Amino acid sequence: QTVSQQLINIRKRAGLSQADIASILSLTPGAICNYEKGRRPIRANDFEKQSGYFQKANKKGRGADKPKS
């Protein structure tokens with residue numbers, strides 16, 4: 001699996017939309033889309049933010065800090 005595919009799978013397992021994860025990580029939905037489609041390599045600091053969120057969410061349960069719509 002590519003990094004892009006892994007990002008998609010992890011996000012979907014957490015029950016989050018691209019807009020949800022963008023909001024959580026203070027990124028734009030377009031940035032998340034570009035990372036997931038492999039159009040743009042994920043920056044190290046964005047990868048660290050995303051990894052940190054999912055590690056915390058995994059400890060608390062899926063979608064732990066999902067933003068309210």
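Reply: Gladly! Let's begin with Ser26, which is found in the loop between α2 and α3. Helices here are DSSP runs of H or I of at least four residues, strands are E runs of at least two, and both are numbered from the N terminus. This is a predicted model, where local features need pLDDT of at least 70, side-chain atom pairs count only at pLDDT 80 or more, and totals for chains, interfaces and linings use all residues. Residues are numbered from 1 along each chain as its sequence is written, and side-chain values use heavy atoms, with hydrogens and water left out.

Me: What makes Ser26 count as exposed?

Reply: Exposed means over 50% relative accessible area, buried means under 20%, and partly exposed lies in between (1.4 Å probe, protein chains only). Ser26 has a relative accessible area of 62%, so it is exposed. Ser26 also has a positive phi of about 60° although it is not a glycine. Most residues other than glycine have a negative phi.

Me: And why is Pro41 called exposed?

Reply: Pro41 counts as exposed because its relative accessibility is 67%. Its place is in the loop between α3 (29-36) and α4 (44-60). Pro41 and Ser4 are 37 residues apart in sequence, and their C-alpha atoms are 8.8 Å apart in space.

Me: How do you know that the buried residues of α1 line one face of the helix?

Reply: The buried residues of helix α1 (residues 3-13) are Ser4, Leu7 and Arg11. Seen down the axis of α1, they fall within an arc of 60°, so they line one face. That arc is taken from the directions from the helix axis to the C-beta atoms. An α-helix has 3.6 residues a turn, so residues three or four places apart point the same way. The face of α1 turned away from its buried side carries the exposed residues Lys12 and Arg13.

Me: What makes Arg11 a buried residue?

Reply: Arg11 has a relative accessible area of 7%, so it is buried. Not counting residues up to four places away in sequence, Arg11 touches Leu16, Ser17, Gln18, Ile21, Glu36 and Phe54, where a contact means heavy atoms within 4.5 Å.

Me: Why is the pair Arg11 and Glu36 called a salt bridge?

Reply: A salt bridge needs a side-chain nitrogen of Lys or Arg within 4 Å of a carboxyl oxygen of Asp or Glu. The side chains of Arg11 and Glu36 meet at 2.6 Å, N to O, and form one. Arg11 lies in helix α1 and Glu36 in helix α3, so the pair ties together parts that are 25 residues apart in sequence. Both Arg11 and Glu36 are buried. By this rule the count comes to one salt bridge.

Me: What makes a group of residues a nonpolar core?

Reply: The term covers buried Ala, Val, Leu, Ile, Met, Phe, Trp, Tyr and Cys residues joined through side-chain atoms within 4.5 Å. The largest nonpolar core has 13 residues, and those with the most contacts inside it include Leu16, Ile21, Tyr53 and Phe54. Helices α2 (18-25), α3 and α4 each supply at least two residues of this core.

Me: Last one: how many helices and strands does the chain have?

Reply: Its secondary structure comes to four helices and zero strands. Of the 69 residues of the chain, 30% count as buried.
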